Structure formats: C-alpha cells, structure tokens
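Please look over the structure shown below before reading on; the paragraphs that follow take up charge pairing, the surface and open space in turn.

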Amino acid sequence: MGTEITGIEVDELLTVAFDTTEAEDDPEYIITLRDAADAVKETYAPVLSEEKERVQAAGGLYVMGTNRHESSRIDQQLRGRAG
C-alpha cells in the first residue's frame, strides 16, 4: 500500500511544519504541511486570542512535566513554550 509511518515520525513532521521557518531545501510535503498549519492558526486566531487574554488575566499557566518525552528536542520545546 503505502509507506508505514510511526506516531513519533508524524509528530516530528508536524513539529517541523509548525515550528520552523522556511528553508530553500524544504521538501514539498513540509511546505504543504506548513501551509496547512498556517491556515489552521489563522482560522483559530480569534478564539485563541480571547483565550490567551483570559489565561494571562488569571495569572498564566503552570506547566509541570512529569514524564520525559522520547525526543529530547520535544522536551526542550515544551520547556520553552512553558516560559
């Protein structure tokens, strides 16, 4: 049928599509994923901006990591997003 892909590989692809800037050597599928991610972000921007304001007004978020991810890159990314 097609090529098998693991959940971790899908997560890695989506992370690249959502979190990196474009490079000249990006494969077409990454560009397509990035375009789709941008469309999703644009669609939900009004809802998320209201939610962000409510969260900040309530004092922000507290993130407690209890387990490490298989990928140290993802662990670092989560720490960075937590502030």
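**Charges, surface and a pocket**

The count of salt bridges comes to one, where a salt bridge is a side-chain nitrogen of Lys or Arg within 4 Å of a carboxyl oxygen of Asp or Glu. This is a predicted model, in which local features need pLDDT of at least 70 and side-chain atom pairs count only at pLDDT 80 or more, while totals for chains, interfaces and linings use all residues. Residues are numbered from 1 along each chain as its sequence is written, and side-chain values use heavy atoms, with hydrogens and water left out.

The salt bridge joins the side chains of Asp26 and Arg34, at 2.9 Å from N to O.

Leu14 counts as partly exposed because its relative accessibility is 35%.

As for open space, which residues lie nearest the centre of the second largest pocket? They are Gly65, Asn67, Asp75, Leu78 and Arg79, from a lining of ten residues; a pocket is an open set of points on a 1 Å grid, where a 1.4 Å probe fits, with protein on both sides within 12 Å along at least five of seven lines, and lining residues have an atom within 4 Å of a point.

How values were computed
Buried < 20%, exposed > 50% of the residue type's maximum accessible area, 1.4 Å probe, protein only.
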